[in-house]
Amino acid sequence: MKIGVLSLQGDVIEHINHITRLGHVGIEIKKLEDMNGISGIILPGGESTTIGKLLRETKMLMPLREKIISGLPVWGTCAGMILLAKYIEGVDLEHLKVMDIKVKRNAYGSQINSFKKNVVINEISSEPLPLVFIRGPLITEVFNDVKVICRVDDNIVAARQNNMFATSFHPELTDNLEIHKYFINMCR
């Protein structure tokens, strides 16, 4: 199976390495035609404003939005979550606006406030999974049929709506493959 990773900025190679370790092909998505033939796409961590600007400059924003609305499985990690959100607190500029969530950017503070926590996410694994938070956003509200998948200290840090999956944390920065397996199963 070919899984795309939006390759404009952020943790691209780390996601591709996890996909490869699971026996699939990771494809860097740098231009519109790179999206042909993929079974799903990961929107990696990075800086959401920059990635959104680059999506617009490369003319990929609206075609990607249409593919997601048409059912292409998508997983947004950290900045990728912000790209998916219909609402961003304190910001007038939204990006893909496809997932019925409201997010707060940099909810965990600056880089110095980064942390790792082991958490059981029942939907994904009965074993504790390492969750890495780096200036992560939070989901402050969910609407319609969004399912909350994980909370940390009462904060929503993972959610799913149909073909869309969003996490505040960075599974690609750990050796654990369970969350990538979960997304690949969404792509089948």
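Q: Why is the pairing of lysine 30 with glutamate 28 called a salt bridge?
A: A salt bridge is a side-chain nitrogen of Lys or Arg within 4 Å of a carboxyl oxygen of Asp or Glu. In this predicted model, the closest N and O atoms of lysine 30 and glutamate 28 are 3.7 Å apart, so the pair meets the cut-off.

Q: What makes lysine 30 partly exposed?
A: Buried means under 20% relative accessible area, exposed over 50%, and partly exposed in between (1.4 Å probe, protein chains only). Lysine 30 has a relative accessible area of 46%, so it counts as partly exposed.

Q: How do you know that aspartate 100 is buried?
A: Its relative accessible area is 8%, so aspartate 100 falls under the 20% limit. Aspartate 100 also forms a salt bridge with lysine 86, with the closest N and O atoms 2.7 Å apart. Aspartate 100 lies in strand β6 (residues 99–104) and lysine 86 in strand β5 (residues 85–88), so the pair ties together parts 14 residues apart in sequence. Helices (H or I, at least four residues) and strands (E, at least two) are DSSP runs, numbered from the N terminus.

Q: Why are the buried residues of α3 said to line one face of the helix?
A: Leu61, Leu64 and Ile68 are buried in α3 (residues 61–69). Seen down the axis, the buried residues fall within an arc of 70° (directions from the helix axis to the C-beta atoms), so they line one face.

Residues are numbered from 1 along each chain as its sequence is written. Local features need pLDDT of at least 70, side-chain atom pairs count only at pLDDT 80 or more, totals for chains, interfaces and linings use all residues, and side-chain values use heavy atoms, with hydrogens and water left out.
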